Number of protein chains: 2
Amino acid sequence: MTAGRRLAGGVKVLELPKRLLVGRPLRSERLGETLLPKRLALPVFCSDPLSSNAYATEEILLMLSLGGLALLQLAPWVAAVVVALLIVVVASYRQTCYAYPSGGGAYAVSRANLGRNASLVAASALLVDYVLTVAVSVAAGVQNIVSAVPVLAPHAVAVSIGMIAVLAWMNLRGVKESGTAFAVPTYGFIAAVLVMIVVGFVRILTGAPAQAESAPYGVVPASHVTGLAVVLLAMRAFASGCTALTGVEAVSNGVPNFRRPKSRNAADTLAIMGGVTVAMFAGITVLALTSHVHLSDNPARLTGAPAGYQQRTVIAQVAGAVFGGYHSIGFFAVQTFTAAILVLAANTAFNGFPILASLLGHDGFLPRQFSRRGDRLVFSNGIVILAALAGVLIWVFQASTTRLIQLYIIGVFVSFTLSQAGMVVHWTRSLREPSATVSMHRSRAINAFGAVFTAVVLVIVLITKFTHGAWIVVLAMPAVFLLMKGIRRDYDRVEAELRPRPGGVALPPRVFAIVLVSKLHTPTLRALAYARATRPTTLTAITVATDQDASDALLREWSERAIPVPLKVLHSPYRDVTGPVLEYVKDIRRGSPRDLVAVFIPEYVVGHWWEAFLHNQSALRLKAHLLFQTGVMVINVPWQLASTGEPGAGAP
Amino acid sequence: MTAGRRLAGGVKVLELPKRLLVGRPLRSERLGETLLPKRLALPVFCSDPLSSNAYATEEILLMLSLGGLALLQLAPWVAAVVVALLIVVVASYRQTCYAYPSGGGAYAVSRANLGRNASLVAASALLVDYVLTVAVSVAAGVQNIVSAVPVLAPHAVAVSIGMIAVLAWMNLRGVKESGTAFAVPTYGFIAAVLVMIVVGFVRILTGAPAQAESAPYGVVPASHVTGLAVVLLAMRAFASGCTALTGVEAVSNGVPNFRRPKSRNAADTLAIMGGVTVAMFAGITVLALTSHVHLSDNPARLTGAPAGYQQRTVIAQVAGAVFGGYHSIGFFAVQTFTAAILVLAANTAFNGFPILASLLGHDGFLPRQFSRRGDRLVFSNGIVILAALAGVLIWVFQASTTRLIQLYIIGVFVSFTLSQAGMVVHWTRSLREPSATVSMHRSRAINAFGAVFTAVVLVIVLITKFTHGAWIVVLAMPAVFLLMKGIRRDYDRVEAELRPRPGGVALPPRVFAIVLVSKLHTPTLRALAYARATRPTTLTAITVATDQDASDALLREWSERAIPVPLKVLHSPYRDVTGPVLEYVKDIRRGSPRDLVAVFIPEYVVGHWWEAFLHNQSALRLKAHLLFQTGVMVINVPWQLASTGEPGAGAP
């Protein structure tokens, strides 16, 4: 066995690029400093629900248009139900922020109130949903960018994956930094849309309402719709409009990231988000209807449009109409911020996923690595895994928003329903205690109403979206669920196995030391000296003879130097080093099973990565095998070559 | 620091597929059985020079045709010089087989006679050439296959790389097996071509000489050629015809693989190969000229040919003419065996490269791993590296023979010249000894003539091929040369550093033992027991506090169980485990630099590869860093989980 080699230098080589990328490590005490004030928490946690204003109205109008323009009269009612739902969900989650200040949203609430399985269902729904959020938002944002810069079109997948990498990188640098970076586009989007709404309303009040470019066009119904079919179509429109609610749970998940008073600040942020979203969604919907935006999922059903007419998005048409054309500064601002916030909406998931994964890792349902904070105090592993999974999704679906968007509303409503059902149990339990207050009845009513409402929406969404791709999520969720159960089972098994017995571990009465020798060089001499210093019961040097001449020379040198340790030669007919040594060790163990075998392996540590190729790895393989033997300990005696540059290296 | 984890199971997992692929390991004693009899050595070592008959004549005719059909009268003379050169080189290498029975060809000869630098020049020439041989032969063979099966055309690169993989696999199974597999195509090729020559000659003698399909066509000269230009063109034709000599050195490289008497058998094999090659080359050339094969590198210069006429290779035209058409069995046999031997010619390199690399590895000019025989007694590492390099070349040049073939004759002639110059020195030296015989004068004359002859050819080849791509080789050879020098320099430096001092290594007077603790589970207790069993001077348990609650709980449990070892808590503001432990160890070393620090690391060994993901790797990273510290030894105390299935695993 030749002395092993080590490439520990690699550990150092990677240090500088890592520092340049993510910045210097932060002390644990500075966790407080990375906490978010409300003005930064809003962009960090709410870019997802805010961004959905960019398409929620459009989704409703598109669905209703299947039944022709006449059905657009239903739009205000559908929008009103979405707004009501949003208010209920926000109110409901505000309660959660107070009740569960350690975060976790649906997962923490179901775990506390509905038991392990319900909480894992919620967790798997959320995990799947976060991945989809990143994929859908980035794909949608890139689609907007690509339609503006057509040369990028063939590279949409690469651009999307690049964007995900940038998002992951910003998040690895830390929550606070990413909050600052995302504040501008988020507030820009809110401001641009609110200005548009105000200007639009002023024009209505002054009797000069804006007219959309598509106002003169008609829409031929896809089929003649009457009676029950109208209700079904309204339900589909409602299910599509519910995209406006995705991401609401991120705030309650992220309560630990808020400045103190955490719960209060989180609940306030939720309320602000809810208010802004309602204002924007309602405003855009009113303007879209009053400016008579007419559109269809199939351009062939659009009548009166000129040849080659390209449908713009609802928000684009409204902005164009309100600000007087597609070359106005107002239109440009709305479009730019819309594209930006669509990409950044993915950031909500980058904040939610790692926190949820850390809770699951802490509870043993995901690898524990997820629960450790990285150099910059963020849960780095969760960020990296989320980016990787979203990247794979983007690549598999070739960055196609239409194929991805259908997948991603089931998970949200599963977690909404479970979360609020859990809150109902929570209040019911609290009401039994002496400290119960009357307001708890009101809270429970809010949550009960929310639970029923979102459960109904979940059923509607499942029915209307299942065949459009949602079945993938319906398969993925149980898979994640079972994976988490399996991981926990393994952790439980290992923990039970490692639990110390009352008797402790018996002290081995004797230690048989073995020093592996390939050549008589200084590392070998050092290993022999160290082995003697531990004063074992017996000490033997062994060498494996793969080459008769070499082992003869070694024996000769051994006796010439009069080394005071016996050298034993093991023969190896298959030129294999591992087998004979393992056999030798097993023999000792068989002879005295209560004793300990200490195997000393001289290694030399190289300073350059390429030196690793020049020195072979048979010692590594042997060590891996020795670790499988009971009653054996493996001792690495390193010899640092001068090239490591360590103080004292190269000296005997 | 949590207890580390090991994935030693991976070592076992890979065992079964490896056995299925390469077969059971062979005992070292069986090396004799894998030695080759002459009838198998011929296909193994000579498929390359034999296969060149498939294109050597064509290369000459193509070059001469640049000057028009009139210059074809020079063809017999050019061919005669090639034949003479071949005879000289074969005679010269036969001497080498006797003088250097341990193999190595040009490298061994130049090392013994011309010094290190000359031998490294020869070695780099040969290494580059072997890689090119594999790439060119496989690409040429696949081109033949692809022209027969056009659906494969878009996959030429993949097919070529697949073929290289198959060749590597056959060679990894062992020399003898590959010899058997390659005997059929090699002997088939020889037989088919010799039958073709005999039939062709009989037809000439009976007054019915074969007529090639291209006999009626004329060739327009590329330029009007007179005087010196004719000589230059003849030289280019000669340089191209010299491809017939590639691979001759493989036999002298492979002498150790022959059955006893090794040298005699190798020399005889060389003679047989030379005889067969001369017969085939001369025969094909005579038949090509008498059947009036007319061809041109540019089809536009071919006159009288019908539209859409596709030029066939010379050997195909001759076979068609002799056997009476392109649907005869004889034509089919010649074509099939030609394609087969072209691919198998690569096998010569698969035998030469690993042996040369093993010699270089043994001498310290390449990583030593190249000098170790694998399970099947072949130099596995050389085979794998050769296949990888050739695969990369094929991929970079997209399996284009025309682009690759220009590269690959320089190396051959560099090594020929050096090898024969070395032999001249060898004989001169021998002649000075009292045992000198008269025949040595003759041997020296042969080698001297050969050296001058091949040196002249080298110059001709360099001049005529340089701008056609040979410059790549002219760059690659010095690069390989410098790489080998650098590797040797590193080995020398390390060896000097590791050479034991006369005083030996001082015994460290005291041993400070440290046990790393993350949790109080059985692996920790075992590590503590083992550490106590080595009776160190001091024994301390240390834990790194990344989480205050966890370390408080640990301290509580520690005192509850009344563990007789003090537990020290190291604080880690950056949640990093490695830093504080390293600092602690360095502190001890600073205090008593002559003493030894023994760091015990409890690890648990998992049985399944996926378990590795569930248990973190911070111990691995810490160990890598500890090995850089002088005066430290790192002790792995493994705990085998029951899932490893090891006897005694899971028991305390």
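Student: How many helices and strands are there in chain A?

Tutor: Chain A has 24 helices and 8 strands. Helices (H or I, at least four residues) and strands (E, at least two) are DSSP runs, numbered from the N terminus. This is a predicted model, where local features need pLDDT of at least 70, side-chain atom pairs count only at pLDDT 80 or more, and totals for chains, interfaces and linings use all residues. Residues are numbered from 1 along each chain as its sequence is written, while chains are lettered from A and ligands numbered from 1 in the order in which they are written.

Student: Which domains is chain A divided into?

Tutor: Domain 1 covers 31-299 + 311-491, and domain 2 covers 511-644. Those bounds come from an automatic or database domain assignment. The C-alpha centres of domain 1 and domain 2 of chain A are 61 Å apart.

Student: What percentage of the residues in chain A is buried?

Tutor: Of the 652 residues in chain A, 52% are buried. Buried means 20 or more other C-beta atoms within 10 Å of the residue's own; exposed means 12 or fewer, and partly exposed is in between, with C-beta atoms placed from the backbone.

Student: And what share of the contacts in chain A comes from residues 24 or more positions apart?

Tutor: Among chain A contacts with a separation of 6 or more, such residues account for 83%. Two residues are in contact if their C-beta atoms, placed from the backbone, lie within 7 Å.

Student: Helix packing next. At what angle do α3 and α14 of chain A pack?

Tutor: About 130°, with the axes of α3 (residues 38-51) and α14 (residues 329-362) 7 Å apart. Axes are lines fitted to C-alpha atoms, for helices over the stretch in contact, and angles run from 0 to 180 degrees between N-to-C directions.

Student: Which label does that give α3(A) relative to α14(A)?

Tutor: Oblique. Angles under 35 degrees count as roughly parallel, over 145 as roughly antiparallel, 65 to 115 as roughly perpendicular and the rest as oblique.

Student: Is the crossing of α3(A) and α14(A) left-handed or right-handed?

Tutor: Left-handed. That label applies if the near helix is turned anticlockwise from the far one by less than a right angle; clockwise gives right-handed.

Student: Which residues meet there?

Tutor: From α3(A), V44(A), F45(A), S47(A), D48(A), L50(A) and S51(A) take part. Their partners in α14(A) include I341(A), L342(A), A345(A) and T348(A). The contact of α3(A) with α14(A) has 8 nonpolar, 5 polar and 1 charged residues. Here Ala, Val, Leu, Ile, Met, Phe, Trp, Tyr, Cys and Pro count as nonpolar, Asp, Glu, Lys and Arg as charged, and the others, Gly among them, as polar.

Student: How do α5 and α10 of chain A cross?

Tutor: The axes of α5 (residues 75-99) and α10 (residues 228-241) come within 10 Å and cross at roughly 45°. That makes α5(A) oblique to α10(A). Their crossing is right-handed. V78(A), A79(A), V81(A) and V82(A) of α5(A) make the contact with A234(A), A237(A), F238(A) and G241(A) of α10(A). This contact of α5(A) with α10(A) has 7 nonpolar residues, 1 polar and no charged.

Student: New topic. Where is P261(A), and is the bond from R260(A) to P261(A) cis or trans?

Tutor: P261(A) is in the loop between α11 (249-253) and α12 (262-290) of chain A. The bond is cis, with omega near -10°. In chain B, the bond from R260(B) to P261(B) is also cis, with omega near -10°.

Student: What about phi at R535(A)?

Tutor: R535(A) is not a glycine, yet its phi is positive, about 45°. Most residues other than glycine have a negative phi, and most peptide bonds are trans. R535(A) sits in the loop between α20 (522-533) and β5 (538-545) of chain A. R535(A) counts as partly exposed because it has 13 C-beta neighbours inside 10 Å.

Student: And H292(B), what is its phi?

Tutor: Positive, about 60°, although H292(B) is not a glycine. H292(B) lies in the loop between α12 and β3 (302-303) of chain B. With 19 other C-beta atoms within 10 Å, H292(B) is partly exposed.

Student: Last one. Is N447(B) buried or exposed?

Tutor: Buried, because 28 other C-beta atoms lie within 10 Å. N447(B) is in helix α18 (residues 439-465) of chain B. Residues it touches include S92(B), Q95(B) and W427(B).

How values were computed: Lists of a residue's contacts leave out its neighbours within four places in sequence.
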